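Hello,

Here is the structure I promised to pass on. Please look it over, then read my notes below.

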Amino acid sequence: MINSKFKWQLDQPIDPQAADKLAKDANIDPFIAKMLVQRGVTTPEAAEEFMNPSVSAFHDPFLMHDMQKGIDRIQKAVETGEHITVYGDYDADGITSTTIMYETLSDLGADVDYYIPNRFSEGYGPNVQAFENIIKKGTTLIVTVDNGVAGNDAIDAANQLHCDVVVTDHHSLPEKLPDAYAIIHPRVKNENGDAYPFGDLCGAGVAFKIAQALMDEVPSDLLDIASIGTVADIVSLRDENRAIVKFGVQAIQNSQRPGLLALIKEAGIDLSKFSEDDIGFGIAPRLNSLGRIKDATVGVELLSTFDEDRASELAKFANSQNDLRKSLVDQFFTDAVQSVEDGGDLHGRRTLVVVGNNWHQGVLGIVASRLVDKYQRPTIVMTAADDSDEVKGSGRSVDQFDLFKAIDPIRDQTVGFGGHHSAVGLTIKKDKVPVLKDQLEKAAADQHLDLSVKPKLAISAVLPISKVTPDLCDKIKTLAPFGQDNPKPIFKMQFDSLTNVKTMGKTNDHLKFSLVQGNNQLTAIAFGKGSVAPELQNGQTTLEVAGEIGENTWNNRTTLQLMIDDLKQTLPPVVDQRTRELHQQMFAQSGVYVFFHEKILKQLQRYVGDQSQAVMYNQVQKDFTDGHRLYIVDCPDVVDDLVTLLANVQPQTTVLYLYKKQLISKIGMPDRNSYAKLFRFIKEHSNINIATQLKQISEHLHISARTIIFMVQVFLELDFITIKDRMINLNPDYADRDLKTAPSYHLRIEQLAAEKKLLVSNTHELVSFVKDCLGV
């Protein structure tokens, strides 16, 4: 059974009249009008602004707190030749915001450089030692980007050294703001109690607004970089962010930045079809990998250099770091899963804490995210080092559990701790790991964490396969860019059957099949779902599919496909999964696996898990199968053996593998002429060595070797011949007997009947027969 990962929310609540009115008033497609209303866009003006943002979408930057004050200080530093240092961050948002600020100040003629702290030795945000070193080198103005609003200690140190700090940030506000010269932040209210009209800018977005204020115009040449930071930081794609990404995607398609173009080439991105997805899955991971693996400083050089050779070199480096990051994540995730499964951490616990040894710190958050996705529970992944008594790590959570609030009560027992509802970072002593585990379980009880509650999946509409057309795909694109607060529409698909079920990827991790409705077919891809392939069989599964409509281009040919978000399955009482091959995955589900041949049972018993049973057909007891799945593994020689079995069981579902390596029906039953030819040959020849002369006899008589062996067995059972030391001779005392009285002859008739009934029949005939036997 394929269980859904999400709780599906079908037909999002909307006012149908509002959608009809919007379609009419705005002269847009009714389908798109419905999608817009689901997003809270209900007027023609709002629809136009949403689908076609203009320069007017950019608010006055001076509405932001301390913008005027900060701009005045920066301009003074430029005019007087003060040395300015842009202090950034090591993720993609930090790299892009640093690039924007550095390029803007350079274009103004400033004496400027930039500094990005090291994730591992300095950590996030203003660092006292780093600030002191920067100031000693002559800096009199530090401009933070994508950080600083919680950097009280470092900013106090800078003030004491007579260096001003202009903070530009977007992160959550602390109880006490730092004593900076200016704090430019979209959520800090001004003296009148007003905040900036749009509070969801990322670090690159805030830097972009500062560039707009400094340049006294929208800096169109920075839209490409700003859009990368905006998509990478997963902020709301509404209002100003929507305009930044919409224009930024277009700017990237026409970009002249050597570094960006080299990075796009390394990522294998088709620039002619560039979209926000290419930022999120191609560019951003490569920029993020720089800070995760080593040093993010080269990321700014990559984006800002105009040296094509250097750009190519840095892009290749970023790509190699990303490959290393992926391999480390795969390795640590595999080790973490093994640790969880071996350690019994899933039994009686609602949270996970996994501690590895000498794991790279930069990828622990990604590993934690993958574990949350797999086990659907809050997870912290940490690493210990041989030369330290501390463990460091990152945590990720589920929607209904506040991970920061859960750990906060033991903050005083941590070496370092920070984060928010869904993600944390922390360092603790090794001996405090049990304390952390106990505290998480206590918090799970206090917060009433219910692991049976699935995250929600909003289904925009139910859509038949016949409606999935290039025209529909183009209409959906008018709602782009997609992201936070503007997700891609997800559709539950209507179809009649599925075909071409196969796995993909080096380790068969992914699933691919075709949805069929009449003459229409749609390819569907489900990443990470390869293990459920055995559950599916062409036309035999009640499967529900929800996903996003997209395009796939291969060899200059573009086709539509469905990227699956979730699957759920209701198995019928009888499932036809007849096969000519058996493999380990087919025994992964719990149930009773029934065999008709002891040799096959012995070969495959090791694949049957502890929660299942592998038994011979004549050993099945009724209480084995009540309410469970019954798997008929191999094909019986006699139909009545299956009939007797099925009459005495009451499984929830019966799955028919009916494996048979070679069909007897392909050989058939020898005719009387064949028996006569072989009998004459034996009569005329003595001491026939069946082992060495079989091929020669087969060619001479024009009868297949397998048929000759079968007829020899029949003759032996009827005492027509004798076999001694592999030598066949005619029995001189043989008596005439009917061939049909030989056990092998009778068995062959039964086998042929069984194959005809169970293997040659179509699915409808087979399922009907088994249902009758089961009495369902």
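**Aromatic rings**

Tyr-675, Phe-679, Phe-715, Phe-720, Tyr-734 and Tyr-745 make up one aromatic cluster. Rings of Phe, Tyr and Trp (its six-membered ring) pair if their centres lie within 6.5 Å; planes under 30 degrees apart are stacked, over 60 edge-to-face, and the rest tilted.

A word on the source: this is a predicted model, where local features need pLDDT of at least 70, side-chain atom pairs count only at pLDDT 80 or more, and totals for chains, interfaces and linings use all residues. Residues are numbered from 1 along each chain as its sequence is written, and side-chain values use heavy atoms, leaving out hydrogens and water.

By the ring rule there are 21 aromatic pairs. One of them is Phe-58 with Phe-247, a tilted pair at 6.3 Å centre to centre and 40 degrees between the planes. Phe-58 lies in the loop between helix 3 (44-51) and helix 4 (67-80) and Phe-247 in helix 10 (residues 239-253), so the pair ties together parts 189 residues apart in sequence. Helices are DSSP runs of H or I, at least four residues; strands are E, at least two; both are numbered from the N terminus.

Phe-58 is buried at 8% relative accessibility. Phe-247 is buried at 19%. Buried means under 20% relative accessible area, exposed over 50%, partly exposed in between (1.4 Å probe, protein chains only).

**The whole protein**

The protein has 26 helices and 27 strands. Of its 776 residues, 50% count as buried.

Best wishes
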